[in-house]
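Thanks for sending this one over.

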Amino acid sequence: QGLLVAASPNGQASLLSETVLHRLLCCDVGAIQLSTDSVRVERQSGASALLAADISIRGLAVSSRHVLVWNGQKAQVFEWSYDMGDSKPLPIAIFSSTARAMALRDETIYRASNNVVELCNLNGIVRQKMTFSEGEGSPTHLDVNGQFLAVATDAGLIKLFKVTRREPKQLGSPGHFNLWAHAQNLVPSISISAQSKLICCK
């Protein structure tokens, strides 16, 4: 993120913070970030609501029942279940976290921290860890779709896991994105297809 200074004719100056606005579609829920602290969530049924976070949002993840936002210092979890209709999402947890990336599946938060992917509950309490070696690099990007988790590292490694069981199961051999190490700052996210056959770097 960067800063921009705007000057007005009357001699006043404003310091503006650059914000990347996020958008996601998961299950029947779509989410689009409107400002530094607000997100619009919608369902295919037509229900919609405005989420107001207590933190500045730099990351966004959604599941069928929950919305997760974070900023590299704190993370906040909201509940927005199907039967809530147009009601405002309910804040249920806020906790400290310096994770570089996060993903959400049901009531499990996956978060990238140093050389591990931590599996946490909705209160941010770590239940399991997936460790990456020095040669594999540190996880920088995560995506969950259905029963699959994709992890990309700063060494250009991409790993796939099946996460329906208590212990995540790695699928096949790790792949390598050769340009990743040189262009990681230009690739803000990855996405995995529901069948785990395709991964999109965007």
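Predicted model: local features only at pLDDT ≥ 70, side-chain atom pairs only at ≥ 80, totals over all residues.

1. Strand β4 covers residues 29-33, and four bridges join it to β3, with the two strands running antiparallel.

2. Now for the sheet around that pairing. It is an open sheet of four strands, ordered β3-β4-β5-β6 and paired in the antiparallel sense. Its edge strands are β3 (23-26) and β6 (48-52), each of which pairs on one side only. From one strand to the next, the twist averages 15°.

3. There is another open sheet to look at, also of four strands, with the order β11-β12-β13-β14 and antiparallel pairing. Which strands stand at its edges? They are β11 (101-105) and β14 (126-131); each has a single partner strand, so one side of each is left without a neighbour in the sheet. Neighbouring strands here are turned by 20° against each other on average, if direction is ignored.

4. Within that sheet, five bridges hold the antiparallel pairing of β13 (residues 116-120) with β14.

5. T108 deserves a visit of its own. This residue is found in strand β12, which spans residues 108-113. Is T108 buried or exposed? Its relative accessible area is 14%, and because the cut-off for buried is under 20%, T108 counts as buried.

6. What surrounds T108? Leaving aside neighbours within four places in sequence, T108 is in contact with A103, L119, C120 and R127. With R127 there is also a polar contact between the side chains, at 2.7 Å. S63 is 45 residues away from T108 in sequence, while their C-alpha atoms are 9.9 Å apart in space.

7. Finally, the aromatic rings. How many aromatic pairs does a search of the whole structure find? The answer is zero. Charged side chains do sit over rings, though: R43 lies over the face of W80, 4.6 Å from the ring centre. Likewise, K159 has its charged end over the ring of F132, at 4.9 Å from the centre of that ring.

Note on methods
Residues numbered from 1 in each chain as written. Heavy atoms only, no water. Phe/Tyr/Trp six-rings, centres within 6.5 Å; stacked < 30°, edge-to-face > 60°. Lys NZ or Arg CZ within 6 Å of the ring centre and 35° of its normal. Buried < 20%, exposed > 50% of the residue type's maximum accessible area, 1.4 Å probe, protein only. Contact = heavy atoms within 4.5 Å. Polar contact = N/O pair within 3.5 Å; in protein donor to acceptor, adjacent residues only side chain to side chain. Pairing = 2+ DSSP bridges. Axes fitted to C-alpha atoms, helices over the stretch in contact; angles between N-to-C directions.
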